[in-house]
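This briefing is meant for a reader who is meeting the structure for the first time. Please look over the sequence and the model, and then work through the points grouped below.

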Amino acid sequence: MGAPDPAVVSARRRTLVRVAAVAWVACAVVVWNVVFDAHVIEAGRDYLTRQALHQQGRGDAVTIRGVMDPGVARAARAASLSGGAIAAAGLAATWLASRGRPGRSARRAE
């Protein structure tokens, strides 16, 4: 067998890099959604707890807007930090792995 065509190897490498980058971004989107959802659920439970305490005469009156608006803002910040960190780390790792290394052949040892 002869050496692989460098153009084919280069095209395959570019395709693999794109697939890896898309996979990391998809992973970051999933993490963003999970973290956001978890924080919004936590804010909803906080509202229900405060409302129950108020109805029992053991807490101040609350509105859903007064509890959920800050909760959603916290959820968006936490989710963006988490998803952004994963996307940045994954894309950086993909970029580092895709760089050509001097002295290394594209051909595998047989």
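Accessible areas come from the Shrake-Rupley method with a 1.4 Å probe, and for residues only the protein chains shown count as cover. On that basis the protein exposes about 8300 Å², of which carbon and sulfur atoms supply 62%. The model is a predicted one, in which local features need pLDDT of at least 70 and side-chain atom pairs count only at pLDDT 80 or more, while totals for chains, interfaces and linings use all residues. Residues are numbered from 1 along each chain as its sequence is written, and side-chain values use heavy atoms, with hydrogens and water left out.

**Overall make-up**

- The protein has two helices and zero strands, where helices (H or I, at least four residues) and strands (E, at least two) are DSSP runs numbered from the N terminus.
- Of its 110 residues, 14% count as buried, a term that means under 20% relative accessible area, with exposed meaning over 50% and partly exposed in between (1.4 Å probe, protein chains only).
- Among the contacts in the protein with a separation of 6 or more, 77% come from residues 24 or more positions apart, a contact being heavy atoms within 4.5 Å.

**How the helices pack**

- The axes of helix 1 and helix 2 (residues 64-98) come within 7 Å and cross at roughly 160°; axes are lines fitted to C-alpha atoms, for helices over the stretch in contact, and angles run from 0 to 180 degrees between N-to-C directions.
- Helix 1 and helix 2 are therefore roughly antiparallel to each other, since angles over 145 degrees count as roughly antiparallel, under 35 as roughly parallel, 65 to 115 as roughly perpendicular and the rest as oblique.
- The residues of the contact of helix 1 with helix 2 divide into 25 nonpolar, nine polar and three charged, where Ala, Val, Leu, Ile, Met, Phe, Trp, Tyr, Cys and Pro count as nonpolar, Asp, Glu, Lys and Arg as charged, and the others, Gly among them, as polar.

- Threonine 94 is found in helix 2, and it counts as buried because its relative accessibility is 9%.
- Leaving aside neighbours within four places in sequence, threonine 94 is in contact with Val17, Ala20, Ala21 and Trp24.

**Around the loop**

- Arginine 50 lies in helix 1 (residues 6-55) and is partly exposed, with a relative accessible area of 39%.
- Beyond its neighbours within four places in sequence, arginine 50 is in contact with Asp60, Val62 and Val67.
- Valine 62 lies in the loop between helix 1 and helix 2, and, again leaving aside neighbours within four places in sequence, valine 62 is in contact with Tyr47, Arg50, Gln51 and Val67.
- Glycine 66 lies in helix 2 and counts as partly exposed at 46% relative accessibility; glycine 66 and tyrosine 47 are 19 residues apart in sequence and 8.8 Å apart in space, C-alpha to C-alpha.
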